[in-house]
Amino acid sequence: MDDLIQQAAEDLAAAGKVAALTGAGISTESGIPPFRGKGGLWERFDPMEIAHIDAFTRDPARVWNILVKEMKKIVDSAKPNDGHKGLAKLEAMGKLKTVITQNIDGLHQAAGNTDVIEFHGTFAWQRCMDCSQKYETRSVDITEIPPRCSCGGILRPDAVFFGEMIPQDALWRSRQIASDCDLMLVVGTSAVVQPAALMPVVAKESGAKVVEINPERTPLTDEISDYLIMGAAGAVMNQIIEKLEQIS
Ligand code: APR
């Protein structure tokens, strides 16, 4: 692994425009469970039963009680880990410009990244299904489920449920960033959910290097990514930053 850490530091040092695509894996070290694999949320719940817009529309109270309240507890107390902080350091070093994240936890911004595309929306806000007014999640009173807007409408997370479109501006900007970068770091995603998993492909087709950081192989490995550093994001990012500081 040391060689690949050195390689990644050299590739970052040589790169002009670096982008990152992240997934739930980068937040596991902050106590937020992943969706798939061992201990994943979708091991406990059927995503089509509690994370699909039809399921929410059919029975918002059920989805609030099972998923949203649990997510609120976890996200409210989560703090950025070394994986997030490493990407923020890369921005501070003038290397990384944009983070495209599938995560709705706001931890990249909390770590200090200033250009974060929230591809699947955010959990930091709830939105009224009738008038679209937004409320900060931490201020939402959840004694009454589902919580309601002052207009009487039901509040829902301002995140993308299965069965919904990706916000157009997020999709458009992400494609632009992916086709414009010369190195994309892909950190902590199983790369099975579209269209997010397409971004490394767009980057590769535009001539960029694609570097994966994940303890496991993904469909990108050996197909799209130039190499995979098999390890946890926190430890790997710390080592890469240390090497990069030595060679920069
Ligand atoms: N560091 C790096 N990667 C990790 C770590 C870690 N500490 N721990 C786990 N991983 C990897 C896993 O090996 C897996 O490949 O992170 C990945 C997490 O995959 P998923 O749980 O499928 O998460 P993600 O890819 O973000 O899912 C995409 O699916 O359910 C929907 O909307 C949801 O945004 C989510 C999307």
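The model is predicted, so local features need pLDDT of at least 70 and side-chain atom pairs count only at pLDDT 80 or more, while totals for chains, interfaces and linings use all residues. Residues are numbered from 1 along each chain as its sequence is written, and side-chain values use heavy atoms, with hydrogens and water left out.

Let's start inside. In soluble globular proteins, nonpolar side chains tend to be buried together. Here the largest nonpolar core has 26 residues; such a core is a set of buried Ala, Val, Leu, Ile, Met, Phe, Trp, Tyr and Cys residues joined through side-chain atoms within 4.5 Å. Buried means under 20% relative accessible area, exposed over 50% and partly exposed in between, using a 1.4 Å probe and protein chains only. Leu-12, Leu-87, Leu-90, Leu-185, Ile-229 and Ile-240 touch the most other members. Among the elements that each supply at least two residues are helix H1 (2–14), strand E1 (18–22) and helix H10 (233–247), and H10 gives the most, with six. Helices (H or I, at least four residues) and strands (E, at least two) are DSSP runs, numbered from the N terminus.

Now pick out Leu-12. Not counting residues up to four places away in sequence, Leu-12 touches Val-18, Leu-90, Lys-95, Leu-183, Leu-185, Ile-240 and Leu-244, where contact means heavy atoms within 4.5 Å.

Next, follow strand E1 to Thr-22. Thr-22 is buried, with a relative accessible area of 0%. The C-alpha atoms of Thr-22 and Gln-102 are 6.2 Å apart, although 80 residues separate them along the chain. The side chain of Thr-22 also makes a polar contact with that of His-108, at 2.9 Å. A polar contact is a pair of N or O atoms within 3.5 Å; within protein, one must be able to donate a hydrogen and the other to accept it, and residues adjacent in sequence count only if both atoms are side-chain atoms.

Finally, the ligand. A ligand oxygen lies 2.8 Å from a polar backbone atom of Ala-24, and a ligand nitrogen is 2.8 Å from an N or O atom in the side chain of Glu-29.
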